[in-house]
Amino acid sequence: MGPPESAGDAADLEESGLPLTDYAPPREADGERVDAEAADAPGSRRCWLCRSLRCGSSSEPEAKKKAPCPGLGLFYTLLSAFLFSVASLFVKKVQDVHAVEISAFRCVFQMLVIIPCLIYRKTGFIGPKGQRLFLLLRGMLGSTAMILMYYAFQTTSLADATVIAFSCPVFTSLFACLFLKEKYSLWDAFFILFTITGVILIVRPPFLFGSVTTAVEKNYSDHLKGTFAAIGHAVLAAMTLVILRKMGKSVDYFLSIWYYVILGLLESTVVLFITGEWSLPNCGLDRLFLILIGLLGLGGQIFITKAVQIEKAGPVAMMKTMDVVFAFIFQIIFFNDVPTWWTVGGALCVVASSTGAVLRKWLQSSK
């Protein structure tokens, strides 16, 4: 056990600034020869001030890291919003396949991509011992939120479901206060009330709007089911974000997606077995849509993660409002369904409150 102790002693000497061997300064006659030999040695560097090899300062100023292209994070956010919106469009198009089955197909295709990533990054498939419970909760809540979102797309309009799901940041502030003891102010309460107002304008309950509801909606019961599913998605997605914030950077992002995918596949399989809703789509186009839903969803997750890494949260939150814009555009173009002014007003309320909640958090953290 001698060598390790000797290595430890040497390290202590280096940290204390003591020389490891006796040092004898070279003679002036040999100075130029010493410099010439040292210059040829691999890894040797001259002092960046005096160009001497014997100077105590031999380090050069570190080159600044190459800054990302201005606006690249916002472009990633826009691209993520577009991919998510196209995936939502395909979910709406595939009407003969149950929302739970769509979720199962998405989990399968994403799992095929996540497994090689986990092997390459050598993170394992279980996660840190102290974080496994949080990973399980993240997987169950996230996968349930995904199923509810797909069900909302199938039962109500694309714009309404997207707008209500966009209220997630408002619920995130509330849950962060309850479980993470983060500060909750009157502004946050105002944002929640504003969001509820927007949802009411979208839902248009009969006891408030009377006959306007039946004139606008062909099947109000389905619209109501989709609305509650979208609200459930927003709540569960907010709880998922709080869990991710609790885990912090101690868990690899791909490992978090792995739990989300594997538990989502397990949950979807159990639900399909109980309900007996499993059926392969007969149309080849629907099968293509199922594949694209999985790939586009994964691509959207990757790009929004990259955007948050290189861009501040405030600008990203502003650009995320393009989710709603794309939803309105796709609803008009592909379904010939022009949103009512009630929906537009509700969308403005929800988007304003959600964006305001994120911007307020960002401004607080940047002080």
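The chain holds 16 helices and zero strands. The model is predicted. Of the 367 residues in the chain, 42% are buried. Among contacts with a separation of 6 or more, 80% join residues 24 or more positions apart.

**Helix H5 against helix H11**

- Helix H5 spans residues 132-155 and helix H11 spans residues 220-247.
- The axes of the two helices come within 7 Å and cross at roughly 155°.
- H5 is roughly antiparallel to H11, because an angle over 145 degrees counts as roughly antiparallel.
- The crossing of H5 past H11 is left-handed.
- The residues in the contact of H5 with H11 comprise 18 nonpolar, eight polar and four charged.

**Helix H7 against helix H16**

- Helix H7, residues 168-179, packs with H16 at an angle of about 45°, and their axes are 7 Å apart.
- From H7, the contact is made by Pro-169, Val-170 and Ser-173.
- From H16, Ser-353, Ser-354, Ala-357, Val-358 and Lys-361 take part in the contact.
- By residue class, the contact of H7 with H16 divides into four nonpolar, three polar and one charged.

**Met-140 in helix H5**

- Met-140 is found in helix H5.
- The relative accessible area of Met-140 is 43%, so this residue counts as partly exposed, a class that lies between the 20% and 50% limits.
- Met-140 and Leu-263 are 123 residues apart in sequence, while their C-alpha atoms are 6.0 Å apart in space.
- With neighbours within four places in sequence left aside, Met-140 is in contact with Leu-263 and Glu-267.

**Positive phi in two loops**

- Lys-122 is not a glycine, yet has a positive phi of about 55°.
- Lys-122 lies in the loop between helix H4 (99-121) and H5.
- Lys-122 has 75% relative accessibility and therefore counts as exposed, the threshold being over 50%.
- Asn-336, also not a glycine, has a positive phi of about 50°.
- The loop that holds Asn-336 runs between helix H15 (322-335) and helix H16 (341-366).
- Asn-336 is exposed because its relative accessible area is 67%, again judged against a threshold of over 50%.

**Cysteines**

- The chain has zero disulfides, counted as pairs of cysteine sulfur atoms within 2.5 Å.
- Cys-107 has 0% relative accessibility and so counts as buried.
- Cys-168 has a relative accessible area of 10%, and it is therefore buried too, since the class takes in values under 20%.

Terms used:
Residues are numbered from 1 along each chain as its sequence is written. This is a predicted model: local features need pLDDT of at least 70, side-chain atom pairs count only at pLDDT 80 or more; totals for chains, interfaces and linings use all residues. Side-chain values use heavy atoms; hydrogens and water are left out. Buried means under 20% relative accessible area, exposed over 50%, partly exposed in between (1.4 Å probe, protein chains only). Axes are lines fitted to C-alpha atoms, for helices over the stretch in contact, and angles run from 0 to 180 degrees between N-to-C directions. Helices (H or I, at least four residues) and strands (E, at least two) are DSSP runs, numbered from the N terminus. Angles under 35 degrees count as roughly parallel, over 145 as roughly antiparallel, 65 to 115 as roughly perpendicular and the rest as oblique. A crossing is left-handed if the near helix is turned anticlockwise from the far one by less than a right angle, and right-handed if clockwise. Ala, Val, Leu, Ile, Met, Phe, Trp, Tyr, Cys and Pro count as nonpolar, Asp, Glu, Lys and Arg as charged, and the others, Gly among them, as polar. Contact means heavy atoms within 4.5 Å.
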